[in-house]
Amino acid sequence: MNIKMINKKFNLEKKIILAELVLVIGILVYLFFLFSPKQIYPLNGAVIIEPNFVFEIENGQEVLLSVYENFEDYVVLNENSEVNLAPGTYYWKVRNKFRESEIRTFTIQSHVGLNIKQGKESNKLINSGNVDLEVEKKTGTKVTGLILGINEIKEVEKDNSNYRGSQNG
């Protein structure tokens, strides 16, 4: 074989190896982006009324949740984690072994709820909202008030009083 033939064969082999390398790198980049963590719910900028919701994610192991956009302080939530969120704006992202998703935001809206459970001899006032509740009790012309914390229950005497609840503060 002459030197020209050897050089052509060598150049062809170099081109094939280079093409294979480009193909392998392309596949690895594709797989990297294919398996990147994704946030499904809550949607970016969503306003949520009921704070008992489930984060929906794809290709991630953990949800990072913060009240700071720069995540200087955050909570890590796993599959079985439960957290009670007060009204406000939250930032979140998803993390897997290799990377983190983009940062998204959602807002828990305050919700005022006063339930009255009537009993035989007394009634129970129940704060069913997600904020402290200022309860006004009106009996005839007499008006009194009390504060119910979140999920707090207060037993009151059964009478002809009217109750009105509003957000405290």
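## The largest pocket

In this predicted model, the largest pocket has a volume of about 410 Å³, where a pocket is an open set of points on a 1 Å grid over the protein atoms alone, at which a 1.4 Å probe fits, with protein on both sides within 12 Å along at least five of seven lines. The volume is the space filled by probe spheres set on the points. Its lining counts 17 residues (those with an atom within 4 Å of a point), and Val54, Phe55, Asn78, Glu79 and Ser81 are the ones nearest the centre of the pocket.

## Serine 66

Serine 66 belongs to strand β4, residues 62–66, a strand being a DSSP run of E of at least two residues, numbered from the N terminus. Because its relative accessibility is 2%, serine 66 counts as buried, a word that means under 20% relative accessible area with a 1.4 Å probe and protein chains only.

The side chain of serine 66 reaches the backbone oxygen of aspartate 73 at 2.6 Å, and a polar atom of that side chain lies 2.8 Å from the backbone nitrogen of tyrosine 68. Beyond its neighbours within four places in sequence, serine 66 has contacts (heavy atoms within 4.5 Å) with Phe71, Asp73, Tyr74, Tyr90 and Tyr91.

## Basis of the values

Residues are numbered from 1 along each chain as its sequence is written, and side-chain values use heavy atoms, without hydrogens and water. Local features need pLDDT of at least 70 and side-chain atom pairs count only at pLDDT 80 or more, while totals for chains, interfaces and linings use all residues.

Technical notes: Helices (H or I, at least four residues) and strands (E, at least two) are DSSP runs, numbered from the N terminus. Buried means under 20% relative accessible area, exposed over 50%, partly exposed in between (1.4 Å probe, protein chains only). A polar contact is a pair of N or O atoms within 3.5 Å; within protein, one must be able to donate a hydrogen and the other to accept it, and residues adjacent in sequence count only if both atoms are side-chain atoms.
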